[in-house]
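Please open the structure in a viewer and follow the stops below in order. Each stop names a selection and then describes what is found there.

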Amino acid sequence: MNTIERFRPELHPLNAEWSADTLETIFSSHDPSQPRRIAKGRRLALFGAATAGVFAVGGVAYATGLVPGLVTDELDAVSPSGVSNVHEVASFSTGSDGKTHTFEIWRGTNEDGQTCTAVLEARGNFGPEFGGSCGDYPTDAWFDATSVSYKINETPPPSTYFVYGEPALDGVETVRVSGEGFEHSVAIDPATGGYAVAIPELESVSGHFATVEFIDADGTVVGTSELSDR
Amino acid sequence: MSNPQEQFTELWNTEAPHVLAFAKRHVGAEAAHDVVAETFMVAWRRWGDLPTPPIPWLLVTARKVIQNRARTSRRNRALEDRIALLDGVAGYAADTADAALTRREALERLALLDEQHREALMLVSWDGLTNDQAAAVLGIKPATFRRRLSRARAALLAPSSSESDPEPRLVPVQERS
């Protein structure tokens with residue numbers, strides 16, 4: 001028995017009540033006799049191997065439809081099932097710690113129909129850094145928070161909230177995100193059709209906290225979306 | 001032959017405690033139950049596709065669930081947090097005079113390893129996986145895993161790093177796939 005095996009955790013039986021409740025929830029969530037969705041084939045063009053220090057992404061790669069391998073790896077890591085239709089949504093920048101940090105947002109759909117998002121800081125303090133998640137999130141306007149990377153013995157830097165999305169409405173050229181104490185407008189990225197904007201004024205969110213307005217070239221609000229923490 | 005629900009319940013009774021122990025050392029006891037529930041929810045949706053034995057697949061899925069729950073950019077847990085997580089799940093063995101490390105020393109050194117190497121050790125030593133199964137959980141080649149495991153063991157028993165090290169982690173030499 002080696003040094004670590006000596007401290008192998010003892011397995012404890014599950015709490016019977018929790019176990020029964022959880023199994024009931026699981027069984028009621030899915031009927032295995034029903035056919036599953038047929039998985040879509042992965043249609044990704046890999047950008048190739050990338051390592052810290054030499055990783056370079058930019059508009060050219062996105063415009064030609066290439067997806068960095070690190071992005072597909074990240075989405076595979078956070079999704080229980082395969083992710084397809086991976087594409088860039090937009091990017092945004094923050095001015096944390098006296099430097100400009102740029103975060104790119106990538107999105108795909110997994111075989112369970114969830115929206116999966118990866119937030120990439122290609123030039124993080126210690127190389128490429130990711131955050132990612134999958135869920136039943138709206139695609140026209142959603143939010144998250146991120147921070148720059150830091151060493152384990154440092155005080156964590158503050159997180160910055162950001163709003164992003166891909167409007168489904170025709171003719172949208174600008175998006176305005178407003179809430180108590182802030183209002184930001186951002187143009188739709190013509191290369192991707194998406195948008196992303198940092199909301200540095202937000203320190204936390206609770207309940208409804210922002211309205212997203214989709215605006216056309218004439219300045220007319222053609223649609224709105226409400227953002228709430230849930 | 002038993003029906004799918006009976007078969008799944010048997011899998012649950014057998015493997016859920018293993019997945020729970022795995023989850024506890026990553027997210028703590030409170031969130032670990034949610035990870036187990038979500039992992040087996042996925043398993044039920046994919047019932048019929050699960051490999052035999054199912055435990056590597058379950059741990060792969062649990063890892064993804066855990067990563068998916070971290071909605072903000074990936075962060076390294078503070079050293080004290082990592083020690084606390086390990087301390088919360090590790091078993092107890094007598095600290096005999098001939099033991100290489102006491103429990104406290106072993107957990108501190110585990111916590112000082114970078115995540116990749118710590119997880120390699122844990123999957124084999126605590127989760128009881130074979131090298132090939134652990135490699136599958138981590139998504140790397142078996143040969144790469146064996147090198148990683150060997151370096152992790154060496155790093156674990158290496159002399160402590162200097163207290164003045166601004167990045168107090170025991171990071172083995174760079175591995176090549």
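In this tour, a residue is called buried when its relative accessible area is under 20%. The model is predicted.

**The disulfide**

Begin by selecting Cys116(A) and Cys134(A), both of which are buried. A disulfide joins these two residues, with an S to S distance of 2.1 Å; over all chains, the structure holds 1 disulfide. The link of Cys116(A) and Cys134(A) is right-handed, with 110° about the S-S bond. Because Cys116(A) belongs to strand 3 (residues 115-124) of chain A and Cys134(A) to strand 4 (residues 127-135) of chain A, the pair ties together parts that are 18 residues apart in sequence.

Now display strand 5 of chain A on its own. Which residues point each way from this strand? Trp142(A), Asp144(A) and Thr146(A) point one way, whereas Phe143(A) and Ala145(A) point the other way. Since 5 of the 5 residues of strand 5 of chain A are buried, the strand is largely enclosed by the rest of the structure.

Strand 5 of chain A runs antiparallel to strand 6 of chain A, and 5 bridges join them; Tyr161(A) in strand 6 is the bridge partner of Ala145(A).

**Ser225(A) and its contacts**

Select Ser225(A) in strand 11 (residues 221-228) of chain A. Ser225(A) is buried, with a relative accessible area of 11%. Leaving aside residues up to four places away in sequence, Ser225(A) touches Asp140(A), Ala141(A), Ala210(A), Thr211(A), Val212(A) and Phe214(A).

**A helix in chain B**

Finally, turn to helix 7 (residues 131-138) of chain B, and colour its buried residues: Gln133(B), Ala134(B), Ala135(B), Val137(B) and Leu138(B). Just after helix 7 of chain B, select Gly139(B), which takes a positive phi of about 70°.

Conventions: Residues are numbered from 1 along each chain as its sequence is written. Chains are lettered from A and ligands numbered from 1 in the order in which they are written. This is a predicted model: local features need pLDDT of at least 70, side-chain atom pairs count only at pLDDT 80 or more; totals for chains, interfaces and linings use all residues. Side-chain values use heavy atoms; hydrogens and water are left out. Buried means under 20% relative accessible area, exposed over 50%, partly exposed in between (1.4 Å probe, protein chains only). Helices (H or I, at least four residues) and strands (E, at least two) are DSSP runs, numbered from the N terminus. Two strands pair if DSSP finds at least two bridges between them. Contact means heavy atoms within 4.5 Å. A disulfide is a pair of cysteine sulfur atoms within 2.5 Å.
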